[in-house]
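Hi,

Here is the structure we talked about. Please load it first, then read the notes below.

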Protein chains: 2
Amino acid sequence: MNLHIRVFGIGALAKAAGVTTPTIRYYEEIGLLPPAPRTAGGQRTYDDDDLGRLTFIKQCRDFGFGIDQVRLLLDLSISTDRDCVETRDIAQRHLDEVREKLAELRLLERRLESFVTRCNAACAGGPGQDCVIFKDMAAPTKGGCCR
Amino acid sequence: MNLHIRVFGIGALAKAAGVTTPTIRYYEEIGLLPPAPRTAGGQRTYDDDDLGRLTFIKQCRDFGFGIDQVRLLLDLSISTDRDCVETRDIAQRHLDEVREKLAELRLLERRLESFVTRCNAACAGGPGQDCVIFKDMAAPTKGGCCR
DNA sequence: CGTACTCCTTCAAGTAACTTGAGGTTCAAG
DNA sequence: CTTGAACCTCAAGTTACTTGAAGGAGTACG
């Protein structure tokens, strides 16, 4: 049979999946992608299955999953005897992490905002060393400098 | 005079500033901190000025400024002939970056949330390979897998 | 069939910002 | 004087790739 098995080179695969060619070689090296079959001249060849797998990896990475988590997810995505609850748990844990990071960033945003505002109001244009930012920064008041 | 110049070791400095001792040595190595004076036996000694500088660095890092930006801020914080507007601009640019990152993370949060919810509703407990998460991930729909 | 041009190859090193480990020295207390 | 914590240097590891050098493979054109 073997109808319509598209075969393409590393560059085309890279473009299709939205990654760079060195990244693909790197994924092969660390075992996220299986070693690609080669042409007579030694160049890697790929098909649509590879594109599916690489796309999956790319999406996971965009979601912020680490390489080891992606490895785990790839295993789970193929397995027939492990259930989808595991996958959901990984996603849930990651979601929790994202929410923590969000909380941190929101705090950071407020602090930076306060910096900029106060700098404009209190010392705009004065000599660098008198800026309120530096007064705040040099004092070891853990996390409370901009209140 | 030299009244009350507290001198302490690297461990005490580390604890006071909330960093680790290897980090302090690293900062010295890359020139963020000046080479510390040594005891006869070769151990580093620090005073309150060092604590101020290191605290400043730590706060900047906590704010998400990169090492190079910290270097710049340290220069500005000492300079008498450059004004505080430069500092404010650096903070403003950083604030913009933080806001972008925030937007990305909020989107990510929604997508992950949708994942977990749909997995619970559609395929909870089924074989891993049938999980909606994998169906979504393997399709190269750029950024739209969870609507 | 030769040549030009792009795409591909491997291997090594660089990036950020530290952390970890090995193996040995110094300091302060008792 | 001995013990144990703290310190020293130097090298390598971490994450997830990126960048660069030097050269081979594939393809289109004349």
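This is a predicted model: local features need pLDDT of at least 70, side-chain atom pairs count only at pLDDT 80 or more; totals for chains, interfaces and linings use all residues.

Helix 3 and helix 4 of chain A cross in a right-handed sense. The axes of helix 3 and helix 4 of chain A lie 10 Å apart, at an angle of about 135°. Angles over 145 degrees would count as roughly antiparallel, and 65 to 115 as roughly perpendicular. Helix 3 and helix 4 of chain A are therefore oblique to each other.

Which residues meet there? From helix 3 of chain A come A:Phe56, A:Ile57, A:Cys60 and A:Arg61. They face A:Val70, A:Leu73 and A:Ser77 of helix 4 of chain A. By class, that contact holds five nonpolar residues, one polar and one charged.

Next, the contact between the chains. Chain A gives 55 residues and chain B gives 55 residues. On the side of chain A that touches chain B, helix 1 (10–17), helix 3 (48–62), helix 4 (67–78), helix 5 (84–122) and helix 6 (132–138) each supply at least two residues. Helix 5 of chain A has the largest share, with 23 residues. That side of chain A splits into 29 nonpolar, 15 polar and eleven charged residues.

Last, the DNA. There are 21 residues around DNA strand D, and A:Gly41, A:Gly66, B:Gly9, B:Gly11 and B:Arg44 come nearest.

Best wishes

Terms used:
Residues are numbered from 1 along each chain as its sequence is written. Chains are lettered from A and ligands numbered from 1 in the order in which they are written. Two residues are in contact if their C-beta atoms, placed from the backbone, lie within 7 Å. Helices (H or I, at least four residues) and strands (E, at least two) are DSSP runs, numbered from the N terminus. Ala, Val, Leu, Ile, Met, Phe, Trp, Tyr, Cys and Pro count as nonpolar, Asp, Glu, Lys and Arg as charged, and the others, Gly among them, as polar. A residue is near a molecule or strand if its C-beta atom, placed from the backbone, lies within 6 Å of it. Axes are lines fitted to C-alpha atoms, for helices over the stretch in contact, and angles run from 0 to 180 degrees between N-to-C directions. Angles under 35 degrees count as roughly parallel, over 145 as roughly antiparallel, 65 to 115 as roughly perpendicular and the rest as oblique. A crossing is left-handed if the near helix is turned anticlockwise from the far one by less than a right angle, and right-handed if clockwise.
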